[in-house]
Structures are given as C-alpha cells and as structure tokens.
Amino acid sequence: MPSDHPISIGIVGARGYVGAELIGLIARHPRFRLAFAASRSQAGQPVPVSAGAGGGGADLRFVDAGPSEIAGLGADAVVLAVPDGATAEYVQTLSDAVILDLSADHRFDDTWVYGLTEHNAEALTQARRISNPGCYATAIQLAVRPLLPLIEGTPHAFGVSGYSGAGTTPSPRNDPAVLAEGVSPYKLVGHTHELEVSRHLGRPVRFSPHVAPFFRGITVTLQARLREPASPDALGRLYLDTYGGSSLIRFLGDRTPRVQDIANDPGAEIGGLTIGPDGRDLAVVCTVDNLLKGAASQAVQNLNLAFGLDSELGLPGGPTP
C-alpha cells in the first residue's frame, strides 16, 4: 500500500463508549479514514466526528448493516466492538479485511494474534486477525510481565474500574446511584480477565475486580513474592528497559499513579513500586483508561502495526508521518 494511501477503517458496534473513542481517534489519525460506523440504534444519525485522512465526509451517518452488508462496504480493516459471542457471523463474511476484535471471543484462540501491543509487536506486524486484550488484562500484564521471571508463586491483582467498563446497557455495575459512596466487588473467582491473563502469561494469576462510582479509568495493584531479594532500583531498571522506548508507557518509580490522572490518556502509568523488608515482597500499581489503552487506543496501535506503521502513529505524543 503506498505510504500516502488512506487506510479505510469500519466500526461495527459504534454506539458504545469504546466505539465513540475509536471514531475520534480515527478522525485524527494521519493515515486512517472512517469508512463506516455501524449502529442499529443510531442508524441514519450523523456520525459526530467523521473527517480523517482521505476524507470520509462531514455527512457520514451511522448505518444499520448486518454481516453480509458490512463485507460489501469494502473497508481495509473492520473493528468489531460488539458483545462477547456476537462476532462469528462477521468473521465468516469478512475474508478480505483485517479484523480487530474488541470482545473476548478470540483471546483464547491461537489462530488470532493477541494484541498486547508492547509485548507482541512482532507478531502484530502484518497481522490479519487481531484479538484486543481486555482492559484489566492490559493493566495487569503491563505491570507483571517485566518481572515475571523473578516472581515465585501466584501473583494477585486487586483492580478497581470506573463504571464505563460495564458498558451502556443499564445494570447495577454502571448505575452511579447504586455505586455512590462505595466500591463494589464482583466475580471474584474465574473472571474472564483472570483466565485471559493466566493463559497469556503461562501461569496462574489471581484477580479481584471492583467497580467504583467514577466514569473512566482503571487502577490495578499487583502483589507478588519474588524468588530472590531485589532492590527497587534493580526492578525499576527492568521496567525502564522494557518500556523506555514507548511514549505511552510511563514508569514513575515509587510514585503511585492515580486513576484521576490517566483519564483520557491513551497510555499507561506504572509506579508505586514497593519492596518489603526482606526484599522479596513486591507491590506495584498500574493505571490505564479502560476506554483507551484498555480498548480504543490499543486498537489503534494494533491496527498501525497491522498496516506496517509505527504503533503510536496518530496518538497524542506519537510520531508524525
């Protein structure tokens, strides 16, 4: 594909929070063009932001299109922002397009490339089928992967998410009135993201998810036992060696990242690194915006790699074409 050729991206399930974020990111991307945004409930309404590389037109409107119609729209890539279990028909009909699946449907499928961008960039280059990681799974793995060879036993992640993580369908987990003045635990054993992280790390991880009455953002505190004593400086160097080349992943040392500071940020912050008196008890904190690095901005990174571009192109702080 010529270096100045616009890359057309379609979104299925564009009504949700993540779909809205993707529309904005694609509109500002120097190489991407929004080809269509499919939403049954908003069909016929104007897409709020529709300009992008190569145009797309200020009059672009949401469409109501099923799998066969989507295939006929001819996008170079299609992002599936649909509920778990709803992707199969689209995958069957989209034989020619790059597909990026935001659901959990293909995170356990070895025929799809797992899109944890900073840790799987080589496999993502030129990938045709990409499974975007879950939001919690992204934060947990960013925190634990640099230290994984040093960890003994089963690490535990305590996570708190804003209620946008529960989607737009009304439920007790996204009702601010129900959540007010508290933090609500849920699915404390066998959460999908616990299974996802354990599978992709190749070892078990325990995870305790909670939802709180703020809209967006995730904070995860990882606790683990090290095989041998280590200093904070030595562990900090591992994080810097792993993420030093990325403008999106910021290591803060012993300064604890705050979920308030990561809202609307496409990257992640890792910090609060603490070691116990014997040098083996570890705690570290990772924050991400669940709608961005936990979904939409990581999707853009993965699409960039699939089309041979710099992974951070089009994101704030990323390179210019």
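Predicted model: local features only at pLDDT ≥ 70, side-chain atom pairs only at ≥ 80, totals over all residues.
**Legends for the views**

**View 1. The surface of the protein chain.** As for what's tucked away, 53% of the 321 residues count as buried.

**View 2. The overall build of the protein chain.** Here you can pick out 10 helices and 13 strands. The radius of gyration comes to 20 Å, close to the 20 Å that the globule rule gives for 321 residues, so the protein chain is as compact as a globular protein of that length. Taken along the principal axes, the C-alpha atoms fill a box of roughly 60 × 45 × 35 Å.

**View 3. Contacts along the protein chain.** Take the contacts between residues at least 6 apart in sequence: 66% of them link residues at least 24 apart.

**View 4. Charged side chains.** The protein chain carries 24 positive side chains and 32 negative ones. The centres of these two sets sit 1 Å apart.

**View 5. Glu194 in helix H7.** Now zoom in on Glu194, a residue of helix H7, which covers residues 192-201. Is Glu194 buried or exposed? Its relative accessibility is 9%, and since the cut-off for buried is under 20%, Glu194 counts as buried.

**View 6. The neighbours of Glu194.** The side chain of Glu194 reaches over to Gly190, where the backbone nitrogen is 3.3 Å away. Leaving out residues up to four places away in sequence, Glu194 also touches Val189, Val205, Arg206 and Phe207.

Notes. Residues numbered from 1 in each chain as written. Heavy atoms only, no water. Helix = DSSP H or I, 4+ residues; strand = E, 2+ residues; numbered from the N terminus. Rg over C-alpha atoms; globule rule 2.2 N^0.38 Å. Buried < 20%, exposed > 50% of the residue type's maximum accessible area, 1.4 Å probe, protein only. Contact = heavy atoms within 4.5 Å. Lys, Arg positive; Asp, Glu negative; His and termini not counted. Charge placed at Lys NZ, Arg CZ, Asp CG, Glu CD. Polar contact = N/O pair within 3.5 Å; in protein donor to acceptor, adjacent residues only side chain to side chain.
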